[in-house]
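Hello,

Here is the structure I promised to pass on.

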Amino acid sequence: MIRRKIAQFMWGRYGARGFDKLGTALFTVGFVSCFVGLFFRGTVSRILFGVQAVCYIYLIFRLLSKNIPARQKENAAFCNFFKKVKNFFKLQKDRVKDRKTSVYKKCPKCSAVLKLPAIKGEHTVKCPRCGERFTVKNIF
Ligand SMILES: [Zn+2]
């Protein structure tokens, strides 16, 4: 009975499909800020609980929203942003891992990051993405 009432209430709402990636991120950030807030007092604690409140209010708003295309757009934008952050950290990790065999240089035209063999001297490099030719100096 109650289960059916909830199902009827959620019908046509974004939350009926469960959590998306943005929903999971909001839940996690809210939970972590609440947990960390337990170890602080005063202003820091209040700020962290405020972060939690904002995350959970936004999460509930999204779950109950009937404007599904807008919520999907928000989730897509978040996924795109999250992918960029993840790629940035993967690049930093690879830079450290390959520091003895490779150098990473940015293309001056399209900003693509190129992985080049670490060979001493001055080299001309052609960017595989945009075709721009530029010189790279390896001093190590
Ligand atoms: Zn390029």
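A residue counts as buried here when its relative accessible area is under 20%, as exposed when that area is over 50%, and as partly exposed in between. Please keep in mind that this is a predicted model.

With that cut-off, Asp 94 is buried, because its relative accessible area is 16%. Asp 94 also forms a salt bridge with Lys 90, and their closest N and O atoms are 2.9 Å apart. Both residues belong to helix H4, where they sit four residues apart, about one turn of the helix.

Helix H4, which covers residues 68-97, holds another such pair: Arg 71 and Glu 74 are three residues apart there, so about one helical turn separates them. Their salt bridge has its closest N and O atoms 2.9 Å apart. Arg 71 is buried at a relative accessible area of 8%, while Glu 74, at 22%, is partly exposed.

Asp 98 takes part in a salt bridge with Lys 115, with 3.3 Å between the closest N and O atoms. Asp 98 is in the loop between H4 and strand S1 (102-106), whereas Lys 115 is in strand S2 (residues 113-117), so this pair ties together parts that lie 17 residues apart in sequence. Asp 98 is buried too, with a relative accessible area of 10%. Shared partners also link salt bridges into one network made up of Asp 20, Arg 62, Arg 71 and Glu 74. In total, the structure has five salt bridges.

Now to the metal site. Which residues coordinate the zinc ion? The SG atoms of Cys 107, Cys 110, Cys 127 and Cys 130 do, at 2.2 to 2.3 Å. The angles between these four donor atoms run from 107 to 112°, so the arrangement is tetrahedral. Along the chain, the donors are spaced as C-x2-C-x16-C-x2-C. Cys 107 is buried, at 2% relative accessibility, and Cys 110 is partly exposed, at 21%.

One more residue to look at is Asn 138, which lies in strand S4 (residues 133-138). Its relative accessibility is 8%, so Asn 138 is buried. The side chain of Asn 138 comes to 3.0 Å from the backbone oxygen of Ile 119. Beyond its neighbours within four places in sequence, Asn 138 has contacts that include Val 103, Lys 105, Pro 117, Gly 121 and His 123.

Best wishes

Conventions: Residues are numbered from 1 along each chain as its sequence is written. This is a predicted model: local features need pLDDT of at least 70, side-chain atom pairs count only at pLDDT 80 or more; totals for chains, interfaces and linings use all residues. Side-chain values use heavy atoms; hydrogens and water are left out. Donors are N, O and S atoms within 2.8 Å of the metal (3.2 Å for Na, K and Ca); water is not among the atoms, so sites may look incomplete. Four donors count as tetrahedral if all angles lie between 85 and 135 degrees; four count as square planar and six as octahedral if opposite donors are over 155 degrees apart and all others between 65 and 115; anything else is irregular. Buried means under 20% relative accessible area, exposed over 50%, partly exposed in between (1.4 Å probe, protein chains only). Helices (H or I, at least four residues) and strands (E, at least two) are DSSP runs, numbered from the N terminus. A polar contact is a pair of N or O atoms within 3.5 Å; within protein, one must be able to donate a hydrogen and the other to accept it, and residues adjacent in sequence count only if both atoms are side-chain atoms. Contact means heavy atoms within 4.5 Å. A salt bridge is a side-chain nitrogen of Lys or Arg within 4 Å of a carboxyl oxygen of Asp or Glu.
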